[in-house]
Amino acid sequence: MARKKTNAASADVEPVLEKGSTRKRFSNAGDLDHAAKRQRPEIEERTDYSRWRLRDDHSRHTWKYLEDDEAAKNWPQTYADKYFLGLPLDLPDLPKPKGPLDAVRNGLDFFEKLQLPSGHWGCEYGGPMFLLPCVVIAWYVTKTPIPWYYATEIKNYLFARAHPEDGGWGLHIEGETSAFGTVLNYTTLRLVGVDADHPKMVKARATLHKLGGATHAPHWAKWWLAVLGVAKWDIVNPVPPELWLLPDWIPFAPWRWWIHIRQVFLPMSYLWSRQWQAEETDTIRSLRKEMFVEDWDKIDWAGHRNTIHPRDNYHPKTWLLNMMNWILANIWKPIFRVKPLVSKAEDWAMKLIEMENDNTDCLDLATVSGPMNLVCLYARDGPDNYAVRRHQERADEFLWVKDEGLLANGTNGVQCWDTAFAIQAVMDAGLTEDPRWRPMLLKALEFLDDQQIRENVKDQDKCYRQQRKGAWAFSNKDQGYAVSDCVSEALKSVIILQKTPGFPTLIDDQRIFDAIDTLLTYKNPGGSCSSYEPPRAGSWMEMLNAAEVFGQIMVEYEYPECTTAVVTALSLFHKHWPAHRAKEIEHFINGAVAWIKTNQKPHGGWYGSWGICFTYASMFALESLASTGETYKNSIHSKRGCDFLISKQREDGGWSEHYKACETGEYIEHPSGSQVVMTAWALIGLMKAKYPHKEAIAKGIRLLMERQQPNGEWLQEAIEGVFNKSCMISYPNYKFTFPMKALGMFSKIYPDEETTV
C-alpha cells in the first residue's frame, strides 16, 4: 500500500521524513518540543524486507523500496537481494566436495548467484561509523526529504551497532565507544526522528556525558555540529581556504596532501570561512540541551577547540599544529583576513568543488567529501541549483541495506575491485576454460570493458589530478579516481580472460597500452607504489594532521600491497607484449621488488595499510618476490616471510589477526579464533613462495573447506579491511574470492592431494 508524502515547509520547521502519520514528541528535559508548531513524522519499527530491491544501473547501486504491491510483484527479488538483506535463500545442499577444486566449484556456484546484471559483484562497504552521519546531516541542513523507510532502517542499523554495554558508538563497527562515534550517531538518530527519551537514546546520552559531552569530540565532529548549528563555529579550529591560494612550490600547499584529506579540507574550509549554519529547528535547539554537559549559553566555545577525549585522540595534535592554529585564530583571522582575500579564497575553493562535480557527475570522491560538497553548493546557491539536486540524487549510491538496517558505504561501492578478484579466483583454480563458468566470466569481462576510464579528467593539472586514461577505479568510472592496485588487478583480469581461448578481445591493444602507460606514472623514487598518486610531500606533513582520530592521513605513503599489484600486472603484461616499453617495465619491476625487501619488518612480515594487517601485506609481498623468481628456497626475504606466517598459524590450521594490529604495529591474535579470509591470505602467500612443507598448507586448506557451508558459501566473520591505521572497513566478498583462490591454487599445485573434510 502506497504512503502519502509530505513536503518541507518554511524556515522554522523540520526537514521532512516522508510519511503521513504523525504524533507529538518531547525532549529529554520533558519540554514540549514545539510540536504545536509542526508535528513530526513517525518512523516505524521495521520495513518490510520483501519490498527492498537493489537496482544495478550499469554499476550504479541504489536500493529501492517498493511500497506499491503491483510494483513489488512485477520486480521480484533476486538471490542477491535476498542475500544482502539476510533473507532465506532456500538453496539446496551441493554435493560434498571430494577435494579443494570441488570446494571452489561449490563456492562459485553460490557466488555466481550474487553477480549483478551489469556483470560485477557488489556488497556493503561499511564499517566506519562516521559515514552515515555525513549523509544524514547533509540531508537535514539542505532540507532534503528523508523517506520514512530510510529513516526507519537508519534507526535500526544504528541501534544494532550501538555498544551492547554502554550504548555508544565507536570509530568503526568493532571499535570501542568514542566521543566521535557517539556524537555523530546520536545526532543522526535525532535528525531522522528518534525521540530523545527513547531508552537507547537515554543510554547513549549518558555515555556521551561520561565522555565529556560534545565538546570532547574531535575536529570533524565539531565541524559538523557547527554546520548544523548545534555548536558555535568558535569551537572549530581554523580551516582557512586561503591555503588553496598558496603557490604550488610551498612544501605544505594543499595540493600535496593525500587526495582524501584535501577533498575533505576543501568543503570544510569553504563553510568555515563563511561560518554558514543551517536554519534553526526544534531538533537543533533540543540537541543543544542534550549533547553538552554544560549550559549551552555558557560554553567557552573557543576554549574547547582542542578538547578531545583520550579515546579519540589516536594522533594528538603536534606543537607545530597547535602553534599554527593559535596564530590563525588570534592573528591571521582578526587582522590579516581582509575581505578581498577571503572572497578570492572562497571563490577558488568553490571552483575546485565545481571541477570535482564536473569530473564525477556530482558523485565526488567518497562519502565524506560528497555530502560536504552538497552543503557548500546549497549554502551558495540554494535548493534549486542543478548541482545541489544532482548531489541529492547521487547520495543514494552511497547507501546500502542489510539485515541490520541502512548504512553508508565508504565509497559508492567496490565494483571493479571485487570483480577483478572474482575473475582471478577462477583463473587460479584453472577453471577459466570450463564452459560452466564462461557466461559468468564473459559478463565480468564485459563489465570491465565498460568501466575502463577512457580519458583523463578535464583540467587535470588545474585540479591537481593524477593521469587516469586507461585505468579502472575502485568502484566505477563515474567516481573515476584511478588507484594503482585497482588498475592493476582489473588489468590482470582482462588479460587473463582475453588470452583464454574462447573469450573475445573487447579491450584492444591500445587500450591495454593506455592502462600500462598510466600504471608507469605511479612509480615512486624509491621503487615503490602508493595508492591514488605518488607522494607529493614527506611524512613530516603528519605534524599538520588535524583529524586526530586517524594516522597517516596527510600524504600518500608507500604500500607493499599496491606495489605488488603493479609489479604483477606489469609482469603479466610484459609476458604477452614484450616489446612495449620493455626497459622501463623491467626497471620498474626490479626497483619495486628491491623496495619490497627494504620494507620487510624484523619479524619477517610486512605491515598492511588496506587489509588486516601483517597477514594481508605479507601475502602480497611474497607474491612480489615470487614474480622475479625469489621463493622460499632461494631467497632469505621470502623464507623470513614464510617463517613469519607459519609462526602465526593456529592449532586448527588457520590464521587470525585482530584489527588492533593495524593500530599498534604489532601482530595481535583475534580473540574469536581463526578467520577464513586471513587463513586464505596466509595460504596464498605461502603457496606463491613455494613453501616446501605441504602439511601446514593442507591444514589451512582443510579449515577453509570445513568452514564452507553446504550451499557453497562462507559465513561472515570479523572485519577485514583498514585505512589510515585506525579505522576498519568491511570487504564481505573477500570471504568468497580469497578462499576460492587459495583452494584453487592448492588444487593446481597438489593435484593428487586428497584433502577432504
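Colleague: Which residues line the second largest cavity?

Modeller: The lining of the second largest cavity is Trp-244, Arg-262, Gln-263, Leu-266, Leu-352, Glu-356, Asn-359, Cys-463, Tyr-464, Arg-465 and Tyr-481. H9 and helix H12 (339-360) are the elements that give two or more residues to it. This is a predicted model, where local features need pLDDT of at least 70, side-chain atom pairs count only at pLDDT 80 or more, and totals for chains, interfaces and linings use all residues. Residues are numbered from 1 along each chain as its sequence is written, and side-chain values use heavy atoms, with hydrogens and water left out.

Colleague: What counts as a cavity or a lining residue here?

Modeller: On a 1 Å grid over the protein atoms alone, a cavity is a set of points where a 1.4 Å probe fits but cannot get out. A pocket is an open set with protein on both sides within 12 Å along at least five of seven lines, and lining residues have an atom within 4 Å of a point. Helices (H or I, at least four residues) and strands (E, at least two) are DSSP runs, numbered from the N terminus.

Colleague: What volume does that second cavity have?

Modeller: About 90 Å³. A volume is the space filled by probe spheres set on the grid points, which are joined across faces, edges and corners.

Colleague: How does its lining divide by class?

Modeller: Six nonpolar, two polar and three charged residues. Ala, Val, Leu, Ile, Met, Phe, Trp, Tyr, Cys and Pro count as nonpolar, Asp, Glu, Lys and Arg as charged, and the others, Gly among them, as polar.

Colleague: How many cavities in the whole structure?

Modeller: The search finds 11 of 30 Å³ or more. The largest cavity has a volume of about 510 Å³.

Colleague: Which residues lie nearest the centre of the largest one?

Modeller: Tyr-125, Trp-258, His-260, Tyr-532 and Phe-723, out of 34 lining residues. Helix H9 (259-274), helix H17 (484-498) and strand E9 (721-723) each give two or more residues to that lining, with the largest share, three residues, coming from H9. By class there are 26 nonpolar, seven polar and one charged.

Colleague: And the largest pocket, what lies nearest its centre?

Modeller: Met-427, Asp-428, Glu-623, Lys-688 and Lys-741, from a lining of 32 residues. Elements that give two or more residues include helix H15 (415-428), helix H19 (560-576) and helix H21 (614-627). The pocket holds about 840 Å³ of space, and its lining has 16 nonpolar, six polar and 10 charged residues.

Colleague: Changing topic. Leu-108, buried or exposed?

Modeller: Leu-108 counts as buried because its relative accessibility is 2%. Buried means under 20% relative accessible area, exposed over 50%, and partly exposed in between (1.4 Å probe, protein chains only). Leu-108 lies in helix H3.

Colleague: What does Leu-108 touch?

Modeller: Leaving out residues up to four places away in sequence, Leu-108 touches Val-426, Leu-431, Trp-437, Met-440 and Met-740. Contact means heavy atoms within 4.5 Å.

Colleague: Which helices do the buried residues of H25 pack against?

Modeller: Helix H3 (100-112), helix H22 (636-647), helix H24 (676-688) and helix H26 (734-749). Among the buried residues of H25 are Ile-697, Ile-701 and Leu-704.

Colleague: Last one: how do E4 and E5 pair?

Modeller: Strand E4 (residues 52-57) and strand E5 (residues 60-65) pair in the antiparallel sense over six bridges. Two strands pair if DSSP finds at least two bridges between them. Asp-57 has Arg-60 in E5 as its bridge partner.
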